[in-house]
Amino acid sequence: MSSIHFPIYSLIILLAAAVAIPIMRKNFDGFMKTFIIAALVGAWLFSLGSLINVFNHGPHVYNFGSWTETIGVQLMIDEFSAIMAFVILTIAGLIVVYSIRDMEHEIPLQQFGSYYILVYILLFCMVGITYTNDLFNMYVFMEILSLTSCGIISIKRKKENFLASFRYLMLNTIGSLSVLLGIALLYMVTGHLNMGEVGKVIAEVWQSYPINILVSLGFMITGLSIKAALFPLHIWLPDAHSTAPTPSSALLSGLVVKVYIFCAAKILFRMIGQDIVIALDVPTYITYFAALSMIMGSIFAIGQKDIKRLLAYSSVAQIGYIFLGLGLATAQGFSAALFHIISHALMKTGLFLSAGAIIYNKGKRDIRELDGIGYEMPITMGVFTISVLGMIGIPGINGFMSKIYLSFAVLAADKPFFLFVILASSFLNAIYYLPIVIAAFLKESKERKNIMVLDAIPKSMIFPMVVIGVSCVIMGLFPQLVMNAIEQVAPTFLTLN
Amino acid sequence: MSILKSIIEHINYVASAILFVIGLYTVLTHSNLLKKVIGINIIETSIFLFFVSVGYVTGGRAPIVEASGNHVYVNPLPSALILTGIVVAVSITAYALSLIIKLYEAYGTLDMDEIMEARSGQTNE
């Protein structure tokens, strides 16, 4: 078993699990639960294997079916894709463990099979999009990803879910079609679809076709920012993320929107190259929209009453941070963006899972009804509080470290204006997040019966939340564990051409 | 005259740009759900036209390689890619139409504005 095939194995396991679920059992019993967890653990082990392999022996490319990169599909297994695939599968694994019990009150048991088919195809596409080095392959993964992510929203079969997923589908399709148009424009100039080959051609001829490359980049970045919900294009996100079943919201908000940012980063820095992108002045505009997103997402979140809708708007703001890091177009900004991708994935998953646990146990979604819930669900609210403090940027939690890295990157790039935006956004975060925590722990519940009890939710739901909460704190206290790995990514990513 | 000539030479690109705009306009302005799906389909068609036109070589033949003769061939890669693109487009249309059926069952209308009114009425009560 040669280790260069590890990424393919993890992709194949996910796809094969999705195919095998409908043909194995009609009922979703204990055997099926074991099977889906085993499949995910298998894929996770292979991604861990490829991560270790990359750090020991350096990055490598994988030509699918041994065709050369000019003809065939190529996977690029470097530090970036190995780390990100590992992060995606780790967090997705926790969400899947949580979902087995939580989905019981969201959808009927007969539909569990269909739900996990969709989830596994979704994971397959996310990992594939992270590894791939081919533009058209990226587009196909993107389309499957948008179909499956609409599918895991509409599976709840409520009116709002159908409407939310219809909107999501329409905007997502416009987004991926504009990415396809951008790919066509690039193909017109270069005649290649492989990112490396396109990059080589563009590095030679970009001065002859600046407008063509600019238009193509414009289409691609706009399409990807529709899908990643950058501020003016975020309108689909609150509905989609708040009506979806909780595990789907956690997957969509924590992981799926990030995958599109990986695509944007690959297109901007790996394919076109840092120098050309700066010469075309694209990153400046990205930073403007990112700053708008950071402020406006938080302002919209202030007025929300529904807890999941509030979390969804907060995602819009946090996506702004990540795009700000990308838009600085420096190695430091890029590593801050990657660090924030990982820490936001952890924090937002923790928030959605604990909000879902409150809905599971109490059936309450309105943040005004959460008074004194900290005494009835201490573990859940503990995880919620850790993630909230991280979102605001209290030292000791990973959110603080990512804000610090981002602030240093902003100062190093000599754009101090964005430091004020980061600070303002943090204060706005505190305005809408802290009242929930204060009400939960310091106010008294109206129908309070006992002094303090442990959470009355299944252990398989508590376990993922606790793991996420603990890893938020570990990443906040020892950020070097993650940052050392990420700092190896940035230079290889930015100077590949 | 030279403008007219260049338009005629690049009629494929001009047509695909016009179709793209028509499709985008339809999706964004019409409140009928079916018309939105049709708009998406028009955008898809415009991009497929554009992509296939990129691969066209003037006077080229279908890319079936023969042993004899040194012919000019049309670039087969865009056509092959668009075949995949069409499959994706069909599946998206099918899914969108099934969602429309469900929405019609739930709200009794195909108009987005009326659905939004019905929704806001529900939340106010």
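**Helix packing, chain contact and burial**

User: How do the axes of helix 3 and helix 14 of chain A lie to each other?

Analyst: In this predicted model, the axes of helix 3 (residues 79–102) and helix 14 (residues 331–362) of chain A come within 11 Å and cross at roughly 0°. Axes are lines fitted to C-alpha atoms, for helices over the stretch in contact, with angles from 0 to 180 degrees between N-to-C directions. Helices (H or I, at least four residues) are DSSP runs numbered from the N terminus, as are strands (E, at least two). Residues are numbered from 1 along each chain as its sequence is written, and chains are lettered from A and ligands numbered from 1 in the order in which they are written. Local features need pLDDT of at least 70 and side-chain atom pairs count only at pLDDT 80 or more, while totals for chains, interfaces and linings use all residues.

User: What makes helix 3 of chain A and helix 14 of chain A roughly parallel?

Analyst: Angles under 35 degrees count as roughly parallel, over 145 as roughly antiparallel, 65 to 115 as roughly perpendicular and the rest as oblique. The crossing is at roughly 0°, so helix 3 and helix 14 of chain A are roughly parallel to each other.

User: Which residues of the two helices meet?

Analyst: V87(A), I91(A), I95(A), Y98(A) and D102(A) of helix 3 meet residues of helix 14, among them I342(A), L346(A) and Y360(A). Contact means that the C-beta atoms, placed from the backbone, lie within 7 Å.

User: What makes A329(A) buried?

Analyst: A residue is buried if 20 or more other C-beta atoms lie within 10 Å of its own, exposed if 12 or fewer, and partly exposed in between. A329(A) has 21 such atoms, so A329(A) is buried. A329(A) lies in the loop between helix 13 (307–327) and helix 14 of chain A, and has a positive phi of about 60° although it is not a glycine.

User: How do you know whether T330(A) is buried, exposed or partly exposed?

Analyst: T330(A), in the loop between helix 13 and helix 14 of chain A, has 19 other C-beta atoms within 10 Å and is therefore partly exposed. Leaving aside neighbours within four places in sequence, T330(A) is in contact with A409(A), A412(A) and A413(A).

User: What makes D281(A) exposed?

Analyst: D281(A) has 9 other C-beta atoms within 10 Å, so D281(A) is exposed. The place of D281(A) is in the loop between helix 11 (274–279) and helix 12 (282–302) of chain A.

User: How many residues of chain B are in contact with chain A?

Analyst: 23 residues of chain B are in contact with 21 residues of chain A. Helix 4 (76–107) of chain B gives the most to this side of chain B, with 13 residues.
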